[in-house]
Structure formats: structure tokens, C-alpha cells
Amino acid sequence: MHIDVVTTFPEFFASPLDCSILGRAQRSGAVTILIHDLRNYATDKHRVVDDYPYGGGAGMVMKPEPLARAVEDLLGEGELECPVILLTPQGQQFDQAKARELARQDRLILLCGHYEGVDERVRQAVVTEELSIGDYILTGGEPAALVVIDSVVRLLPGVLGNPASIDSESFANGLLEYPHYTRPAQWRGLSVPEVLLSGHHAEIRRWRYKEALRRTRERRPELLEQLELTEQARELLSEIEAEDNQD
Ligand SMILES: C[S@@+](CC[C@H](N)C(=O)[O-])C[C@H]1O[C@@H](n2cnc3c(N)ncnc32)[C@H](O)[C@@H]1O
């Protein structure tokens, strides 16, 4: 996969893209990530990329021309062929399903806004989709772009040491993941659940599924409502309900 990021703050990305799984993924060739300085696409000698808002009001607005030139330069001749994504709090909410969808693409272009946001015509002229990472306001699109990059790149083939972990983690099957434990088996008077020490794989699978259901029911009941429950899930949920009623 190839990812282009257009930003007014290229230095923001240096350290996070260089370490851990993202760094390794680039070194292994699973992904190429290029950071482009929007100021290189400005049309004046002062490399200005923002201007005062028409109609007045606080803050500056990112000019349309540098962003459009950046995208058109990156795409080369021809039609828009890959997702050109504007990070904005007004976009579709980014989630694991969207990460999976983007991980199937060969190429992504991510545009980071700043200041009050970008001139509306950029959306109309070159943007194919808009993504938000949540209902809060960041100072710029750079942290949002990093969130998208991180969650997409870890889904690319060969990037994670143990790809099986992708199948069980939260949201993969519509549930939050079960609780994890490691050594020691006793710690500050707290024990690891007996079943996890039993070596009985079928029992462990059942326990994990049940705890994933319990956790999702407690913390994100709306996720459960969106699921088509299997027979086993219904049984386990009845057990959980009965246990809750005993307490
Ligand atoms: C200060 S924000 C602008 C917010 C804008 N005035 C509004 O009210 O919608 C500056 C930039 O940060 C980025 N940004 C802020 N919050 C975001 C979020 N939740 N998700 C994605 N990008 C965000 C966008 O690129 C945005 O253009």
C-alpha cells in the first residue's frame, strides 16, 4: 500500500511513523508512507496556504489552490483513482469496518486541515470522502491521519507478527474483546480465572466468548443490538443474566 499525507506540519509525523509496527511495516515494504509539505504547493513566494475567511469571523481558512494542486500533482494525469480523504470532525465516523475497507485499497491520500478548516470548494473539487476520528476538535488533522494510518497499516498482510490476533480483537466480530491475563497467576490477592490455567482449549474458547459478550453487554450494549446472535451467544447471555440476577 502507498499512503500520501498532505500537511502543513510534516515534522509532526517523524517520530510516530518511525517506531514500532508502523516503522517495521515501512522497512519491510508492506507500506510506503510519504509526507508532503503543503507549503510546497503554494503559489506565492511566501508559501502562504491560509487566508482570512470571507464573511469575517475568527481564524484562518486553508486556501483551495495549494490543496488541489497537491492532490492533482500526487495523482498525476487522469481521473481520481484512489480515496482522497479529508480529515474533519464533520466527516463519517472512522471505525474498524472503515479501517478494513481502506486496508483493501492500493493507495490513500490523506489531507490534514488546520486553523478553522479548509475552503469548502476543496471538498467539492478533489476530496472523495471525509473522515472524523470522533466528536471532539483537534487543532489539526495530523493526529487524525496518524490514527487512520496506524489502524489501517496493522491490517495489511504480513504487518502483525501474529495475524490471528486481528480476528479476536475488539470490533473484529462486533464484540469487545475478552479480558487478558499474564503471569503471575496470583497478584495482590487477585487470581487469574481458573479455566485459563486448565489447558482445556474448548473451555477457554467458551470462557473468552462469554466474557466478550459480558463486557460488550456492560460497556457497549448498542453493539450487541446490532449483532445477529448465534444460538451459543444467546445461551451465554442467558447465563450472564442469571449470574447478574444472583448478585
Ligand atoms: C480546529 S479544527 C477545525 C474545526 C472546524 N472549524 C469545525 O468546527 O468543524 C482544524 C482541523 O483539524 C482537523 N480535525 C479536528 N478535529 C478532527 C476530528 N475529530 N477528526 C478528524 N479531523 C479533525 C481537521 O482537519 C480540521 O480541519
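**Close-up views of a predicted model**

**View 1. An open sheet of 5 strands, with parallel pairing, runs in the order β2-β1-β6-β5-β7.** The edge positions belong to β2 (32–37) and β7 (129–132), each of which pairs on one side only. On average, neighbouring strands of this sheet are turned by 35 degrees against each other, direction ignored. The model shown here and in the following views is predicted.

**View 2. Strand β1 pairs with β2 and with β6.** The pairing of β1 with β2 is parallel and comprises 6 bridges. The pairing of β1 with β6 is likewise in the parallel sense, over 5 bridges. Ile 3 has Ile 33 as its bridge partner in β2, and Leu 108 as its bridge partner in β6. Of the 6 residues of β1, 5 are buried, so this strand is largely enclosed by the rest of the structure. In a regular strand, side chains alternate between the two faces of the sheet.

**View 3. Strand β5 and strand β6 (residues 107–112) are joined in the parallel sense.** Their pairing extends over 4 bridges. Leu 87 stands opposite Cys 112 in β6. Helix α6 (residues 142–153) packs on the sheet, where it touches β1 (2–7), β2, β5, β6 and β7. The direction of helix α6 makes about 160 degrees with that of β6.

**View 4. The ligand is surrounded by 20 residues.** Leu 87, Gly 113, Leu 138, Gly 141 and Ala 144 are the closest of these residues. Strand β5 (residues 84–93) contributes 4 residues, the largest share of the shell around the ligand. Sorted by class, the shell holds 9 nonpolar, 10 polar and 1 charged residues. Leu 87, one of the closest residues to the ligand, is also the residue that stands opposite Cys 112 in β6.

View 5. The C-alpha trace of the protein chain spans about 70 × 40 × 40 Å along its principal axes. Buried residues account for 25% of the 247 residues in the protein chain. Among contacts in the protein chain with a separation of 6 or more, 74% are between residues 24 or more positions apart.

Technical notes:
Residues numbered from 1 in each chain as written. Predicted model: local features only at pLDDT ≥ 70, side-chain atom pairs only at ≥ 80, totals over all residues. Near = placed C-beta within 6 Å. Helix = DSSP H or I, 4+ residues; strand = E, 2+ residues; numbered from the N terminus. Nonpolar A, V, L, I, M, F, W, Y, C, P; charged D, E, K, R; others polar. Pairing = 2+ DSSP bridges. Axes fitted to C-alpha atoms, helices over the stretch in contact; angles between N-to-C directions. Contact = placed C-beta atoms within 7 Å. Buried ≥ 20, exposed ≤ 12 C-beta atoms within 10 Å, placed from the backbone.
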